[in-house]
Amino acid sequence: MKRILPILFATLLATPLFAQDEISQAKSLIRDGRCADAIAPLQKISKSKFKTHAGAQASVMLTECYLREHKRDEAMKLSSRFLEYHVSSEYRERMELAHAIVMVEQGAVYDGVEDMLRILAYSKNPAARSRTKEVAIQALAASLMTADQLQALLEKYPVDKDIVGWMQLQIGRESQNARRYKSARYWYKKVLNGKVAENLSRTAEKGLESLEDQGAGLPTVLVLAPLSGDFAEFGAAAIQGVLLAQEQAGLTKKVNVRIADTRADAAQALMRTQQAVNQDSIIAVIGPIMSAPAATVAAWLGSNFQNIPMLTPTATDDGIAKMGPNIFQVNITMDNLAQSIADFATKCLDIREFAIMSPLGDYGASMTTSFTRAVERRGGNIVAFRNYEEGRPDYKTEFDLLRDVRFKQENRRRNIARGANDLDAVSAKERRFYMSDSTFNIPGIFIPATNPGDAGAMVSQVAFNKISGVMLGTSGWYGRELLVRGKRLVDSSYFSVPALDMNGNSEGYNSFAKAFQDRWGAEPGEDKVSGLSYDAANIVFSTLARRPESLTNAINNTEVFKGIYGDIKFKRGANVNTKIVTVQKGKFVTMNGCSLPQ
């Protein structure tokens, strides 16, 4: 045993020493420019000793040799395996750089450069930082990324003034190549103000000199949409609609479209807008598509840049278009929908008393506020109000409270007719009789349901709980589920909708749908985001074709724009083109003024 232990100990020591001899020999071969000869011994060590310090060293040297010999697949496989296993190796930074280089060479330029900038952001190793910076500058100088990609990296990793200067310079070059001369000047000046290396400054100065005889360059339309996060699908649809409109207008080489990700966030949308206006010759803004970001951007543009029209395709909150003469809402606002049904009920149906059953939530609250205001302006009154939670099977409690309010109103009127002194006087027997057996009539019952299934269910509940009156709603009612759930009870109900082709069968829509399918390989979504964005873009492009002195004034002075779903009529920036739909014998019918169509 005494003789075996020293032999075993010597054998264990010999293994790493042997590996180091092999690594030393490989290093000599690499220094002599013979990377191809070093691959075989390094492969042997990397494979047999991968988990050890020597194996990690051999693996990174082997990956670097793979790169020199243009064996990209082998380099990618080994570097990925190494980075997954060796979390804290002293060779990790070298391997991360090698992995990033492979990504760039395989075409994933943005991801590769981003990994290089991340190394610069965290590394404390001067040698690793120096080598990474050198390679990153080479990748940036190769002009392999778009201006948008470069700007995204610049925002995420402002890690080194020279790296920042190179990104700014390349954005300037890309902008100049795209004939966005205002943007190019902006970025060249940023380089000069950044106290960067002399060669960078000289290059930026030459860029500025080359633009002396140029104007602002191509006019730019800014498109604001969420391209990341929960609403990215809607953002993508909006972009597709705008780009299709640009192509059909033949303006791909005459008007630049700048796309900015709002992340459905108001602050982000405002920042992107301010950046674009400062950097580019922005002539119009399409978006944002969500109400909160749209309101924020509208407030800033409406106060500071009334020459730049903003058209939000889908935002429905009331008041956005009131933030400036240059702000337009293509979609019908909730306020206009509520005003439309209130106007119809008071003028055409001569209703003056209304009850409201409002679903809990922002939609119900907004519709209720707008409808109440509209009714009162037209001489009517809201005589009863109750909230309810959508989706429940029974609302007896809510309707009992509504019946109780109505009973008290009718009882007071009976006492007035009798000449009674106490207008609230009622016998317990009379109250029990009315509350148990009587059907209470409320002339107009407004239910701003968010979906047709819930609207149909609520109409059924109204009848079941012995309340009668004309059922009124808004666009949430439109859909086959209203007819299925409400059956004959929804006949002669009325609701307001945008004046669109509700079935999507118009010639304009069919032409758009075919073009959309041909261009993007998919049908436009039922949410209408792509279609309304297409309409917003067409308003800009068609108005631009008339070469007006003011794009904002020209849009305001146009009486009607033809949209794919129907006419778009702006009044103080809001699309006011609504319709009243009723149900007759289980079918939807659009009213012709106060009358049914012939």
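Predicted model: local features only at pLDDT ≥ 70, side-chain atom pairs only at ≥ 80, totals over all residues.
Two strands pair if DSSP finds at least two bridges between them.

Seven strands form an open sheet with mixed pairing. Their order is E7-E6-E8-E9-E10-E15-E16. Strand E7 (381-388) and strand E16 are the edge strands, and each of them pairs on one side only. On average, neighbouring strands of this sheet are turned by 30° against each other, direction ignored.

How do strands E10 and E15 pair? Strand E10 (residues 494-498) and strand E15 (residues 578-584) run in the antiparallel sense, over five bridges. Pro 498 has Thr 578 in E15 as its bridge partner.

Strand E15 also pairs with E16. These two strands run antiparallel and are joined by four bridges. Here Thr 582 has Val 589 in E16 as its bridge partner. E15 and E16 make a hairpin with two residues between the strands. In this hairpin, Lys 585 takes a positive phi near 55°.

## Backbone exceptions

Most residues other than glycine have a negative phi, and most peptide bonds are trans. Some places in this chain depart from that pattern.

Arg 263 is not a glycine, yet its phi is positive, at about 55°. Arg 263 sits in the loop between strand E2 (256-261) and helix H13 (266-279). Its relative accessibility is 48%, so Arg 263 counts as partly exposed.

Ser 492 also has a positive phi, near 65°, in a residue other than glycine. The loop between helix H20 (480-486) and E10 holds Ser 492. With a relative accessible area of 36%, Ser 492 is partly exposed.

The peptide bond that joins Gly 287 and Pro 288 is cis, with omega about -10°. Pro 288 lies in the loop between strand E3 (282-286) and helix H14 (291-304).

## Disulfides

A disulfide is a covalent bond between the sulfur atoms of two cysteines. How many disulfides does the sulfur distance rule give? The count is two. With the bonded cysteines of the chain numbered in sequence order, the pairing is 1-2, 3-4.

| Disulfide | S to S | Angle about the S-S bond | Hand |
|---|---|---|---|
| Cys 35 to Cys 65 | 2.2 Å | -80° | left-handed |
| Cys 348 to Cys 594 | 1.8 Å | -60° | left-handed |

Take the link of Cys 35 and Cys 65, left-handed with -80° about the S-S bond. Cys 35 lies in helix H2 (residues 35-48) and Cys 65 in helix H3, so this pair ties together parts that are 30 residues apart in sequence. Both Cys 35 and Cys 65 are buried.

Cys 348 has a relative accessible area of 25% and is partly exposed. Cys 594 is partly exposed too, with a relative accessible area of 46%.

## The second largest pocket

Rolling a probe the size of a water molecule over the atoms shows where empty space is left. In the second largest pocket, that space is about 580 Å³. The pocket is lined by 26 residues. Closest to its centre are Glu 64, Leu 67, Leu 97, Ile 101 and Arg 131.

Which helices each supply at least two residues of this lining? They are helix H1 (4-31), helix H3 (53-68), helix H5 (92-105) and helix H7 (126-141). By class, the lining has 16 nonpolar, eight charged and two polar residues.

## A buried glycine

Gly 112 is placed in helix H6 (residues 109-122). Is Gly 112 buried or exposed? Buried means under 20% relative accessible area. Gly 112 has 0%, so this glycine is buried. From C-alpha to C-alpha, Gly 112 and Ala 98 are 9.6 Å apart in space. In sequence, Gly 112 and Ala 98 are 14 residues apart.

Definitions and conventions: Residues numbered from 1 in each chain as written. Heavy atoms only, no water. 1 Å grid on protein atoms, 1.4 Å probe; cavity = no way out; pocket = protein on both sides within 12 Å on 5 of 7 lines; lining within 4 Å. Points joined across faces, edges and corners; volume = space filled by probe spheres on them. Nonpolar A, V, L, I, M, F, W, Y, C, P; charged D, E, K, R; others polar. Disulfide = S-S within 2.5 Å. Buried < 20%, exposed > 50% of the residue type's maximum accessible area, 1.4 Å probe, protein only. Axes fitted to C-alpha atoms, helices over the stretch in contact; angles between N-to-C directions.
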